Amino acid sequence: FERLELAPRQESPLCASHRAEGPPSIAIREPKNRVRFLFDPDTPAEYSTIRLSAKVSPATEDVVWIVDGTPVARVSYPHELRWSFQPGTHTIQAAMEHRPQLSPKVTVVVED
């Protein structure tokens, strides 16, 4: 008995047929602006994270995540990152690596 892989239900956004015809754009999907998190000092650091996710057009563009004015990571499609947080108010922004486009800033509050 052979196991056959199922074909994908959708084309990848990286396929040529999905490349955007419009102007480049970038927006933060997660976290939402003004969201609040609770910091638990007993939780291991690898589990004290926030998912950062961006919608980018064209999808082939790499993204630089900026937290509190400091670049923290460069990521490719699907433009996601798990960021380890600390208590405080943080400003998050996503920037296209090779273009001038920046996302609107998102502010998150991590309470201790």
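Mentor: Let's start with a definition: helices (H or I, at least four residues) and strands (E, at least two) are DSSP runs, numbered from the N terminus. Please keep in mind that this is a predicted model, where local features need pLDDT of at least 70 and side-chain atom pairs count only at pLDDT 80 or more, while totals for chains, interfaces and linings use all residues. Residues are numbered from 1 along each chain as its sequence is written, and side-chain values use heavy atoms, with hydrogens and water left out.

Trainee: How many helices and strands does the chain have?

Mentor: There are zero helices and eight strands. Along the sequence, that reads β-β-β-β-β-β-β-β.

Trainee: What is the order of the strands in the open sheet?

Mentor: Two strands pair if DSSP finds at least two bridges between them. Here, five strands make an open sheet with mixed pairing, in the order β2-β8-β7-β4-β5. Since β2 and β5 (70–75) are at the edges with a single partner strand each, one side of each is left without a neighbour in the sheet.

Trainee: How many bridges join β4 to β7?

Mentor: Five bridges do, and β4 (residues 63–67) and β7 run antiparallel. As one example, V67 has I92 in β7 as its bridge partner.

Trainee: Which residues form the aromatic cluster?

Mentor: First, the general idea: rings of Phe, Tyr and Trp (its six-membered ring) pair if their centres lie within 6.5 Å; planes under 30 degrees apart count as stacked, over 60 as edge-to-face and the rest as tilted. The structure holds two aromatic pairs. One of them, F39 with F85, is edge-to-face, at 6.2 Å centre to centre and 75° between the planes. This pair links distant parts of the chain, 46 residues apart: F39 lies in the loop between β2 (35–38) and β3 (49–57), and F85 in the loop between β6 (80–84) and β7 (88–96). The cluster itself is made of F37, F39 and F85.

Trainee: Is F39 buried or exposed?

Mentor: Buried means under 20% relative accessible area, exposed over 50%, and partly exposed in between (1.4 Å probe, protein chains only). F39 is buried, and F85 is too. Buried residues make up 33% of the 112 residues in the chain.

Trainee: Where is P41, and is this residue buried or exposed?

Mentor: P41 sits in the loop between β2 and β3. With a relative accessible area of 63%, P41 is exposed. The C-alpha atoms of P41 and Q86 are separated by 9.3 Å, although these residues are 45 apart along the chain.
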